[in-house]
Amino acid sequence: MKGWKSMDLERHDFELADLVERIKENDTRLIALQVPEGLKMQALEMMDSIETETSAKVVLAADPCYGACDLVHDKMQRMGVELVAHMGHSQMNIDSGMPTQFIPVIYDGDPEMGAVIPFLEEHRTIARNRLENPVETTADQDGREKFEDMVGRVAPLTDSKLGLVGSIQHLHLLPDFKKRLEDAGYDVTIPVGGARLTFPGQVLGCNYSGDDPTVGHYLFLGSGDFHPIGLVLHTGKPLAMLDPYSGEASEMGRERIERILRQRSGLIMSCMDKQRFAILIGEKPGQMRRTLALRMKRLLEKQGKKGYLLALEHIGPDLIDFYPVDAYVNTACPRIAIDDAVRYGKPLITPYELEVALGEKKWEHGYQFDEIP
Ligand code: SF4
């Protein structure tokens, strides 16, 4: 998960008290500390503070870490680590095999709401129009054209509410923002998602399960476009953004999403006649989708094609581009295919996109975001 800003570090509040207490209670001797990329500059300071307040020694798990899907797992047990302190992400529905203490990080910026209101006004009008004039399910022949045009058009709305969401370090702002937006005349809901999400209003780059037909448009509190891109790809609904770090308001432009969909469409088409695929399986505890990978292999074999299963902890072009295959199907973090495809020498597609390329799924249902439930 991305979205951490390394600027304004002094305004991030790290709650180490529970961790210190747990270390003392259990007389823990060695812990592993895991922090998101944007906060790594402060890691040594945190290690100092834990080692000063307790008798434990701290090892920094210094590999890249983008989410709670990427928990330090049993490899560190061999090093003698007894407890993992994972900072800045919340617990998921996974078991890493290691005792883990999640440490919340809160950013104390509270942006003015005024700048985002013009976007919300426009988006509410779009949602209301859509509610009153629902678009009918597209026929097969024009499905592909629509697919490249916009996502989500066939999802029926039952209301035009504003869905209020945010990235984890800003979630504490949501209740107050809900009240302010309601005072400004909006009908607001804070969506509650599935088991991969811990808090109301939370979104992950791979999970927007709080979406429902009552939500007509969204406001995202956070920085960067990582979560907004996924949310719009998943829902097809208008999205305004308010950045608590800068106070700036913007929207996820339709052109941007269309560009991504055109790229996805091009990759799908380029895979239609490919014969040899590498199916990537992520080894990180919250990214491992072995059953899905095996299903993709069976689908390929059914059509007389080859699917080679490759398991990796980290996925990057230098680790796979040399294999003699024609394309990759990624079952690890869904965002590797969506955000990083251009870095690879061969087409890199999601499992759903492979199903479309093989003719197992049809265009007319719109783009299906690869969500990890
Ligand atoms: S799987 Fe990817 S998008 Fe999902 S939490 Fe992990 S890094 Fe983020």
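Biologist: Which residues of E4 sit on one side, and which on the other?
Modeller: In this predicted model, Leu-83, Ala-85 and Met-87 are on one side of E4, with Val-84 and His-86 on the other, and all of them are buried. Both faces are covered.

Biologist: Why would neighbours point to opposite sides?
Modeller: Because side chains in a regular strand alternate between the two faces of the sheet.

Biologist: OK, and what does E4 pair with?
Modeller: Strand E2, residues 30-34, pairs with E4 in the parallel sense over 4 bridges. E4 also pairs with E5, residues 100-103, in the parallel sense over 4 bridges.

Biologist: Nice. Which residue stands opposite His-86? And what is the bridge partner of Ala-85 in E5?
Modeller: Gln-34 stands opposite His-86, while Ala-85 has Gln-101 as its bridge partner in E5.

Biologist: Switching topic: which residues touch the most other members in the largest nonpolar core?
Modeller: That core has 39 residues, and the ones touching the most other members are Leu-233, Leu-239, Met-252, Phe-277, Met-296, Val-329 and Leu-354.

Biologist: Which element gives the most to this core?
Modeller: H7, with 6 residues. Elements supplying at least two residues each include strand E9 (215-221), helix H6 (226-235) and helix H7 (254-271).

Biologist: And what does Leu-239 touch, leaving out residues up to four places away in sequence?
Modeller: Its contacts include His-123, Tyr-218, Phe-220, Pro-228 and Met-252.

Biologist: Back to Ala-85, then: which core includes that residue?
Modeller: A second, separate core of 19 residues, which also includes Leu-16, Leu-33 and Met-47.

Methods:
Residues are numbered from 1 along each chain as its sequence is written. This is a predicted model: local features need pLDDT of at least 70, side-chain atom pairs count only at pLDDT 80 or more; totals for chains, interfaces and linings use all residues. Side-chain values use heavy atoms; hydrogens and water are left out. Buried means under 20% relative accessible area, exposed over 50%, partly exposed in between (1.4 Å probe, protein chains only). Two strands pair if DSSP finds at least two bridges between them. A nonpolar core is a set of buried Ala, Val, Leu, Ile, Met, Phe, Trp, Tyr and Cys residues joined through side-chain atoms within 4.5 Å. Contact means heavy atoms within 4.5 Å.
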